[in-house]
Amino acid sequence: MEILCGDFPDLPDAYLVEIGRVSVRWSMLETMLHFALIKFAGMNVLEGRSHAIFHHMAFPQKIDILGTMLSEMVVSPVSQTLREKYAKDVKPLLDEAQRKRNDLIHAKWGMESGQVSKSKISARGALKFSVTPISVEEIREASDVIYQATLAIASLTPSTSIKSDPSHSG
């Protein structure tokens, strides 16, 4: 993929729409995860301090914290079910959503022989380049995984009421 200065092709609109969908759905997933953390901490989503705690954390940290919060809940049939659901269904989906999102959002985009392609550059230990063609459908599949992860977090989170006070041991 040779790009000369000033020669930056725009992607077709269908690609731009799907990349935008990935971005918006990721934002929704982060918001749902943020609210889940607040609720599992027994805090109120309308309380500013609850947002101050979690807002600037990286996504992997939020996932780790959620897992830890679930492991620290008082043992009961409900908490055991939540822990099992998180470990079996939710955590793998969150990991896949993050991987797919990062693969797209951090890609270098271009056109090669009329086909949209994404490039990846790695400089860890050695410089590596890869260029792969990608379809609109592949991008849509990634956004669908992100959407499914959002639904999974929502199904795990205590009631949608503003205030929650889940049982905890610490």
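**Exercise 1. How are H3 and H4 oriented to each other: roughly parallel or roughly antiparallel?**

Solution. 
Some ground rules come before the geometry. The model is predicted, so local features need pLDDT of at least 70, side-chain atom pairs count only at pLDDT 80 or more, and totals for chains, interfaces and linings use all residues. Residues are numbered from 1 along each chain as its sequence is written, and side-chain values use heavy atoms, leaving out hydrogens and water.

Step 1. Take the elements. Helices (H or I, at least four residues) and strands (E, at least two) are DSSP runs, numbered from the N terminus.

Step 2. Take the angle. Helix H3 (residues 59–71) packs on H4 at about 175°, and the axes are 11 Å apart. Axes are lines fitted to C-alpha atoms, for helices over the stretch in contact; angles run from 0 to 180 degrees between N-to-C directions.

Step 3. Classify. Angles under 35 degrees count as roughly parallel, over 145 as roughly antiparallel, 65 to 115 as roughly perpendicular and the rest as oblique. H3 and H4 are therefore roughly antiparallel.

Step 4. Inspect the contact (heavy atoms within 4.5 Å). H3 contributes Phe59, Pro60, Ile63, Leu66, Gly67, Leu70 and Ser71, and among the H4 residues they meet are Leu82, Tyr86, Leu94 and Gln98. The residues of this contact divide into 8 nonpolar, 3 polar and 3 charged. Here Ala, Val, Leu, Ile, Met, Phe, Trp, Tyr, Cys and Pro count as nonpolar, Asp, Glu, Lys and Arg as charged, and the others, Gly among them, as polar.

**Exercise 2. Describe how H4 packs on H5.**

Solution. 
Step 1. Locate the helices. H4 spans residues 77–105 and H5 spans residues 136–156.

Step 2. Read the geometry. Their axes come within 9 Å and cross at roughly 150°. H4 and H5 are therefore roughly antiparallel.

Step 3. Assign the hand. H4 passes H5 in a left-handed crossing. A crossing is left-handed if the near helix is turned anticlockwise from the far one by less than a right angle, and right-handed if clockwise.

Step 4. List the contact. From H4 come residues including Leu82, Tyr86, Val90, Leu93, Ala97 and Leu104; from H5, residues including Ile139, Ala142, Val145, Ile146, Ile153 and Leu156. The contact residues divide into 15 nonpolar, 2 polar and 4 charged.

**Exercise 3. Work out the order and pairing of the sheet.**

Solution. 
Step 1. Pair E1 with E2. Two strands pair if DSSP finds at least two bridges between them. E1 (residues 108–112) and E2 (residues 115–122) run antiparallel, joined by 5 bridges. Trp109 has Lys118 as its bridge partner in E2. Gly110 stands opposite Ser117, and Met111 stands opposite Val116.

Step 2. Pair E2 with E3. Here 6 bridges join E2 to E3 (residues 128–133), again antiparallel. Lys120 has Ser130 in E3 as its bridge partner.

Step 3. Check the hairpins. The one of E1 and E2 has 2 residues between the strands, and Ser113 takes a positive phi near 55°. The one of E2 and E3 has 5 residues between the strands, and Gly125 takes a positive phi near 85°.

**Exercise 4. Summarise the chain.**

Solution. 
Step 1. Count elements. The chain has 5 helices and 3 strands, in the pattern α-α-α-α-β-β-β-α.

Step 2. Buried residues make up 34% of the 170 residues. Among contacts between residues at least 6 apart in sequence, 65% join residues at least 24 apart.

Note on methods: Buried < 20%, exposed > 50% of the residue type's maximum accessible area, 1.4 Å probe, protein only.
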